[in-house]
Amino acid sequence: GTVVCAGGGVGVAPMLPIVQALKAAGNRVITVLAGRTKELIILEKEMRESSDEVIIMTDDGSYGRKGLVTEGVEEVIKRETVNKCFAIGPAIMMKFVSKTTEPYGIPTTVSMSPIMVDGTGMCGGCRLTVDGKMKFTCVDGPEFDGHLVDFDEAIARSKIYEAQEQKMFERRHHYCN
């Protein structure tokens, strides 16, 4: 069928083998690449080689079209039947791609990438709520149904780690000077 693959930032890198496999399996693949600026769009050439169409969206309009990845995804949904969507990028991007596809009943797979410490589910650092149940990204994922992920919780949890990283950086900087 027709598959839309939405990649943002470094999420484009793990999206490439998915796009290649979908195309090799005979699907029509439309890839939407997004970044804040032209310099942050990666793997465009490779995506063009494996996609039937590539839409590029930049927040600042420096390349492709000015706008968000969701605008590119919705453009495709409104003009043709989409059978599946994959989204990989920042959690906020995947959240809104999932919100865009949900009213149309398009199955949407997201790839979550919270902090993972041991890769066995023992540390609990990568836990998230999917369909009201606790899951561990390292053993149950990293791919999940985007319509069932509690993105607000996942984003809030990631901010805890970002704040701790900032504190550790500041301590290292203080001791090194």
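Just after helix α1, glycine 26 takes a positive phi of about 95°. This comes from a predicted model, so treat the details below as features of that prediction.

**Helix α1**

- Seven strands make up an open sheet with mixed pairing, in the order β4-β3-β2-β1-β5-β6-β9.
- Which strands stand at the edges? They are β4 and β9 (143–145); each has a single partner strand, so one side of each is left without a neighbour in the sheet.
- Further in, strand β1 (residues 2–8) pairs with strand β2 (residues 28–35) in the parallel sense, over seven bridges.

**Salt bridges**

- Side chains of opposite charge can pair when their charged atoms come close.
- How many salt bridges does a search of the whole structure find? The search finds 11.
- One of them joins arginine 79 and glutamate 75, whose closest N and O atoms are 3.1 Å apart. Because these two residues are four apart in helix α3, they are separated by about one helical turn.
- Arginine 79 is partly exposed at 39% relative accessibility, and glutamate 75 is also partly exposed, at 27%.
- Aspartate 152 forms a salt bridge with lysine 95, and here the closest N and O atoms are 2.5 Å apart. Aspartate 152 lies in helix α6 (residues 151–176) and lysine 95 in helix α4, so the pair ties together parts that are 57 residues apart in sequence.
- Is lysine 95 buried or exposed? Lysine 95 is buried, with a relative accessible area of 14%.
- Aspartate 131 and lysine 133 form a salt bridge as well, with 3.7 Å between the closest N and O atoms. Aspartate 131 is partly exposed at 45% relative accessibility, and lysine 133 is partly exposed at 48%.
- Salt bridges that share partners also build a network, which joins Arg28, Glu53, Arg65, Glu75, Arg79 and Glu80.

- Glycine 67 sits in the loop between β4 (65–66) and α3 (69–79). Glycine 67 is buried, with a relative accessible area of 9%.
- Setting aside neighbours within four places in sequence, glycine 67 is in contact with Met57, Thr58 and Asp59.
- Glycine 67 and valine 110 are 43 residues apart in sequence, and their C-alpha atoms are 21 Å apart in space.
- Threonine 101 is in helix α4, and this residue is buried, with a relative accessible area of 1%.
- Not counting residues up to four places away in sequence, threonine 101 touches Val73, Ile77, Cys85, Ile106, Thr108 and His147.

**Cysteines**

- A disulfide is a covalent bond between the sulfur atoms of two cysteines.
- How many disulfides are there, counting sulfur pairs within 2.5 Å? The count comes to zero.
- Cysteine 85, one of the residues touched by threonine 101, is buried at 0% relative accessibility. The closest cysteine sulfur to that of cysteine 85 is in cysteine 5, 7.2 Å away, which is too far for a bond.
- Cysteine 126 is buried too, with a relative accessible area of 2%. The closest cysteine sulfur to that of cysteine 126 is in cysteine 138; at 3.6 Å, the sulfurs are too far apart for a bond.

How values were computed: Residues are numbered from 1 along each chain as its sequence is written. This is a predicted model: local features need pLDDT of at least 70, side-chain atom pairs count only at pLDDT 80 or more; totals for chains, interfaces and linings use all residues. Side-chain values use heavy atoms; hydrogens and water are left out. Buried means under 20% relative accessible area, exposed over 50%, partly exposed in between (1.4 Å probe, protein chains only). Contact means heavy atoms within 4.5 Å. Two strands pair if DSSP finds at least two bridges between them. A salt bridge is a side-chain nitrogen of Lys or Arg within 4 Å of a carboxyl oxygen of Asp or Glu. A disulfide is a pair of cysteine sulfur atoms within 2.5 Å.
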